[in-house]
Amino acid sequence: MENFQKRQDSLRNELLKIKNDKLLLNSVFEEHYIRGLVANGKNSLKFKLPFNLHAPDCGAPDCYTTELKFEILNNSPLKLPKKIKINGKEYGCVESQNWSSEFKLVESNEQLVNYYSAELKSNLYFTKKGRLIYFPHKKGKSISLTELDKMYENWEFDDAELTPYLSNRMTTMEYEHFMDKK
């Protein structure tokens, strides 16, 4: 296991040499950028977030994906907007669906970003440590990441109808998946 971790640390360091966008590095979105979920375009940061883990199981990707897309201005220093419009799409082995909703920024610091949609009763979380969670909980208020972590601690998702969605791109420990294969 020690050799595996050394190899992954080495690969991550190589990715940091290649992916050297100063706006995204050392931001709450650094790990998401390294793993290809955030790109810096001409005028905006483009987020394309594929959530393909919809239940607390073995961690293998599901046969369908819930994808969230949005953009924010790429001004330096990075300033998160109070509101973003997210376009969502479900596709794969389910009937394809498209939707959009406004999400409001409810929490932001150097370690965490939390957006909430009152319409969808859903939270979208990013952490500097590389967590990415979309939680369509259907409660009438935003849920903090601390509250969500307590729900995980108490394992409230075993028989739950709605569980936090994750992305295998963010849960894998294998950085070779993000190396450019030219």
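**Helix 3 and the sheet**

I began with helix 3, residues 145–153, in this predicted model. I found that helix 3 lies across strand 5, strand 6 (112–117), strand 7 (122–127) and strand 8. I noted that helix 3 runs at about 85° to strand 8.

I recorded 8 strands that form an open sheet, in the order 1-2-3-4-5-6-7-8, with antiparallel pairing. I identified strand 1 (38–40) and strand 8 (132–135) as the edge strands, since each pairs on one side only. From one strand to the next, I noted a twist that averages 25°. As background, I recall that strands of a sheet pair through backbone hydrogen bonds, either parallel or antiparallel.

Strand 3 and strand 4 run antiparallel and are joined by 6 bridges. I looked up threonine 65 and found its bridge partner in strand 4 to be tyrosine 91.

**The disulfide**

I next asked how many disulfides the structure holds. I found 1 disulfide, formed by cysteine 63 and cysteine 93, with their sulfur atoms 1.8 Å apart. I noted that the link of cysteine 63 and cysteine 93 is right-handed, with 45° about the S-S bond. The pair links distant parts of the chain, 30 residues apart. I placed cysteine 63 in the loop between strand 2 (44–51) and strand 3 (64–73), and cysteine 93 in the loop between strand 4 (83–92) and strand 5 (97–108).

**Helix 1**

I turned last to helix 1, residues 2–18. At 1.5 Å a residue, its 17 residues should span 24 Å. I found its end C-alpha atoms 25 Å apart, which agrees.

Which residues of helix 1 are buried? I listed Gln8, Leu11, Arg12 and Leu15. These residues lie on the same side of helix 1, because they cover an arc of only 105° around the axis. I noted helix 2 (30–34) as one of the elements that cover the buried residues of helix 1. On the face of helix 1 turned away from its buried side, I recorded the exposed residues Glu2, Asn3, Lys6 and Lys17.

Terms used:
Residues numbered from 1 in each chain as written. Predicted model: local features only at pLDDT ≥ 70, side-chain atom pairs only at ≥ 80, totals over all residues. Heavy atoms only, no water. Helix = DSSP H or I, 4+ residues; strand = E, 2+ residues; numbered from the N terminus. Expected span 1.5 Å × (residues − 1). Buried < 20%, exposed > 50% of the residue type's maximum accessible area, 1.4 Å probe, protein only. Arc of directions from axis to C-beta. Contact = heavy atoms within 4.5 Å. Disulfide = S-S within 2.5 Å. Pairing = 2+ DSSP bridges. Axes fitted to C-alpha atoms, helices over the stretch in contact; angles between N-to-C directions.
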